[in-house]
Amino acid sequence: MESEVKERCVIIGASPVCDTEMIKKSVRESDFVVCADGGYKYALMAGIKPDLIIGDFDSAEFPENVKCDIVKLPVHKDDTDTMYCVRECVKMGYKTILLFGMTGGRLDHTFANFCTLLYTAENGVNAKMLDGENMIFAMTEGMKEVLENKKGHIFSIFPFGCESCEVTLDGFEYPLKEGILKANFPLGVSNCVISERAEIHLHKGSTICIMEN
């Protein structure tokens, strides 16, 4: 599947909790917009025309009157609709992806979307999952993330897909220097950014990070 060359991909999911105003403010005209299943309804509510819709449409009507490329998936499959969308965007060569409508509602779906974030990090893609309250992203070994202008915001980091991780946190209320976080103890929860520029360096393992908007 080919797309015109655009700098960034946006994927809009069908979570029952979705901030369409945030989508409207965040999506650029230059973005390639993909909707996962019923996520196309949120795109239309935000006044955004999808470039591609992918889904099995087991819980949403088929978008008969939306003029864009549509891929109908079988209901019985290994990928979630969101995972399939992400795989397609990675195939198209996008290195930056924003995801909306991915949290809230069914907890298993939210957790599955965290797994999808780890897939993006493992494939060298800068992916951020946004809702009205949080920015969520994954990190893998050797990655560095810089947080600008987030002073006073809450930040949490958890090992994900591994037993432990080794991380350095600079610019936080609770700094770490090559500290070990374990999956069975939530030491990384509810830290606070105390600098205009904070840095996260992941030396070993993989993580899910949750940054308060």
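Trainee: Is Phe111 buried, partly exposed or exposed?
Mentor: Phe111 is partly exposed, with a relative accessible area of 48%. Keep in mind that this is a predicted model.

Trainee: Which ring does Phe111 pair with, and how are the planes set?
Mentor: Phe111 pairs with Phe160. The ring centres are 5.5 Å apart and the planes stand at 55 degrees, so the pair is tilted.

Trainee: Why does 55 degrees count as tilted?
Mentor: Planes under 30 degrees apart count as stacked and those over 60 as edge-to-face, so the rest, 55 degrees included, are tilted.

Trainee: Where do Phe111 and Phe160 lie in the chain?
Mentor: Phe111 is in helix α4, residues 107-122, while Phe160 is in the loop between β9 (154-159) and β10 (164-170). The pair therefore ties together parts that are 49 residues apart in sequence.

Trainee: And Phe160, buried or exposed?
Mentor: Phe160 counts as buried, at 12% relative accessibility.

Trainee: How many aromatic pairs does the structure hold?
Mentor: Four. One of them is formed by Phe32 and Tyr94. That pair is stacked, with 5.7 Å from centre to centre and 20 degrees between the planes.

Trainee: Where do Phe32 and Tyr94 sit?
Mentor: Phe32 belongs to strand β2, residues 32-36. Tyr94 is in the loop between α3 (81-91) and β5 (96-100). The two residues are 62 apart, and their pair links distant parts of the chain.

Trainee: Charges next. What lies over the face of Tyr119?
Mentor: Arg87 does, at 5.2 Å from the ring centre. Elsewhere, the charged end of Lys128 sits over the ring of Phe137, 5.1 Å from its centre.

Trainee: Changing topic: what is the strand order in the open sheet of four strands?
Mentor: The order is β8-β13-β10-β11, and the pairing is antiparallel.

Trainee: Which strands stand at the edges?
Mentor: β8 (144-148) and β11 (176-182). Each has a single partner strand, so one side of each is left without a neighbour in the sheet.

Trainee: How much are neighbouring strands turned against each other?
Mentor: By 25 degrees on average in this sheet, with direction ignored.

Trainee: Back to β8. How many bridges does β8 share with β13?
Mentor: Five, in the antiparallel sense, and β13 covers residues 197-204.

Trainee: Which residue in β13 stands opposite Glu145?
Mentor: Ile200.

Technical notes. Residues are numbered from 1 along each chain as its sequence is written. This is a predicted model: local features need pLDDT of at least 70, side-chain atom pairs count only at pLDDT 80 or more; totals for chains, interfaces and linings use all residues. Side-chain values use heavy atoms; hydrogens and water are left out. Two strands pair if DSSP finds at least two bridges between them. Axes are lines fitted to C-alpha atoms, for helices over the stretch in contact, and angles run from 0 to 180 degrees between N-to-C directions. Rings of Phe, Tyr and Trp (its six-membered ring) pair if their centres lie within 6.5 Å; planes under 30 degrees apart count as stacked, over 60 as edge-to-face and the rest as tilted. Buried means under 20% relative accessible area, exposed over 50%, partly exposed in between (1.4 Å probe, protein chains only). A charge sits over a ring if NZ of Lys or CZ of Arg is within 6 Å of the ring centre and within 35 degrees of the ring normal.
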